[in-house]
Amino acid sequence: MDKLVIHGGKPLSGEVRVSGAKNAALPILCASVLTPATLRVQNLPHLRDVTTMLTLLGQMGVEVSLDEKLGVSLTAAQIEERVAPYELVKTMRASILVLGPLLARFGEARVSLPGGCAIGQRPVDQHIKGLEALGAEIRIEQGYIHARASRLKGAHIVMYLVTVTGTENLMMAAALAEGTTVIENAALEPEVTDLAHCLNAMGARVTGAGSRVISIEGVDQLHGTDYRVMPDRIETGTFLAAAAATGGNIKLVGARADILESVIAKLREAGSVLEHGEDWITLSNEAKPVAVNVSTAPYPAFPTDMQAQFMALDAVADGTSVVTETIFENRFMHTQELKRLGADIDVQGNTAVVRGVERLQGARVMATDLRASASLVLAGLVAEGETRIDRIYHLDRGYECIEEKLSQLGARIKRAN
Ligand code: EPU
């Protein structure tokens, strides 16, 4: 199994390009199921989760072809296999995103119920309730969600809680429903808006994406389009936090500051100097970072997907901070591993008290989920000596060429097996 070996202590410096956003790419790929015409997706990040999604769509009968510029063309002329099997759903929960499109276009879908996962229970009850409100008949049998409908009908849906993929699934289903659907308490995440833009480019009538209330006027059919995925705000934030932790000076190109305001505000509070233009962000942090409190919440508040990386930053900062996780009930697995590197962290329920230490020391640690892995990379970059991170397949799910990009910024990092 691959490992990352990092010799820490070197400030990051230089320029790298940010990749396309994983969490926008995954629903956009699923939108291809909504039309028999070809959807061409560009700026797709080269990630394991994207490969898994392409495998799932391919198994269902979507014709998938990669072009010379690493764009992908998807044609779902006919789909006989309206199934997302357990084997794929268990490796990637985002497979649930085929449920809405399959049901809306073909009137049936069978999707394995995702189980719990490393960061929390993560039920999908809101996806199911929303689809039922659109007229679907849903049974759970032998671990599968069986959904049927003749034609979905627009409805007024109030989401009980803010769910990103839940909002996306319902938005895709409603795009082909008869009549208008209103989703209240919708997720505001920029990835939801990116999907809405793609759907509208395919002929859908979605308004209000990026606000609490999204309206979708259903249409009879959608057409193909050529769509470019937005930049990854979590990859951007991760590199910025890494530069801040190492006392570095970096420029990220192809990055958007307007979708990262809460993270940028926290980095400034930590003492970093940030500047940005339309598609770039620079950060420099000459002094030791200052400890900052963070509390996660749905967009536009501080993202749960950046919590672990900020805990690594706080671990080497000046002062004590409180990190609170409000989205997932078990997203502190990285604390035990950070402590192996010398971090001083106490966890009580969903709150961690992090007392910044003078230095971390390299050790062998284990990645437990995607963002936890990123926090260990950050810690490894600041730690003295050698850090070996095992189980980095988690990282490959969500960070494109992370060791190449960090090497480009001067880090001493390599992959070994
Ligand atoms: N929830 C329910 N019922 C539902 C749906 C969600 O109780 O039907 C709960 C979840 O258990 C969680 C909260 O609602 O406590 C929010 O979950 P949400 O549904 O928003 O998460 P998600 O859509 O499954 C996406 C991202 C995650 C990111 C979260 C929160 C994708 C593919 N995944 O997950 O990304 O952490 O939103 O922003 O978009 C990652 O990239 O590392 C990652 C985990």
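Visitor: How do the residues that line the second largest pocket divide by class?

Guide: The lining divides into eight nonpolar, six polar and nine charged residues. Here Ala, Val, Leu, Ile, Met, Phe, Trp, Tyr, Cys and Pro count as nonpolar, Asp, Glu, Lys and Arg as charged, and the others, Gly among them, as polar. Please note that this is a predicted model, in which local features need pLDDT of at least 70 and side-chain atom pairs count only at pLDDT 80 or more, while totals for chains, interfaces and linings use all residues. Residues are numbered from 1 along each chain as its sequence is written, and side-chain values use heavy atoms, with hydrogens and water left out.

Visitor: How much space lies in the second largest pocket, and which residues are the closest to its centre?

Guide: Rolling a probe the size of a water molecule over the atoms shows where empty space is left. A pocket is an open set of points, on a 1 Å grid over the protein atoms alone, where a 1.4 Å probe fits, with protein on both sides within 12 Å along at least five of seven lines; lining residues have an atom within 4 Å of a point. Points are joined across faces, edges and corners, and the volume is the space filled by probe spheres set on them. The second largest pocket holds about 450 Å³. Of its 23 lining residues, Arg17, Val18, Gly20, Asn43 and Arg228 are the closest to the centre.

Visitor: At what angle do helices H11 and H12 pack?

Guide: Helices (H or I, at least four residues) and strands (E, at least two) are DSSP runs, numbered from the N terminus. Axes are lines fitted to C-alpha atoms, for helices over the stretch in contact, and angles run from 0 to 180 degrees between N-to-C directions. H11 (residues 333–340) and H12 (residues 370–382) pack at about 20°, with axes 9 Å apart. They are therefore roughly parallel (angles under 35 degrees). His334, Glu337 and Leu338 of H11 make the contact (heavy atoms within 4.5 Å) with Ala372, Ser375, Leu376 and Ala379 of H12.

Visitor: Which residues of H10 meet H11?

Guide: Gln307, Ala308, Met311 and Ala312 in H10 meet His334, Thr335 and Leu338 in H11.

Visitor: Which backbone features deserve attention?

Guide: Most residues other than glycine have a negative phi, and most peptide bonds are trans. Arginine 122, not a glycine, has a positive phi of about 50°. Tyrosine 299 and proline 300 are joined by a cis peptide bond, with omega about 10°. Proline 300 is in the loop between strand S18 (294–295) and H10.

Definitions and conventions. Angles under 35 degrees count as roughly parallel, over 145 as roughly antiparallel, 65 to 115 as roughly perpendicular and the rest as oblique.
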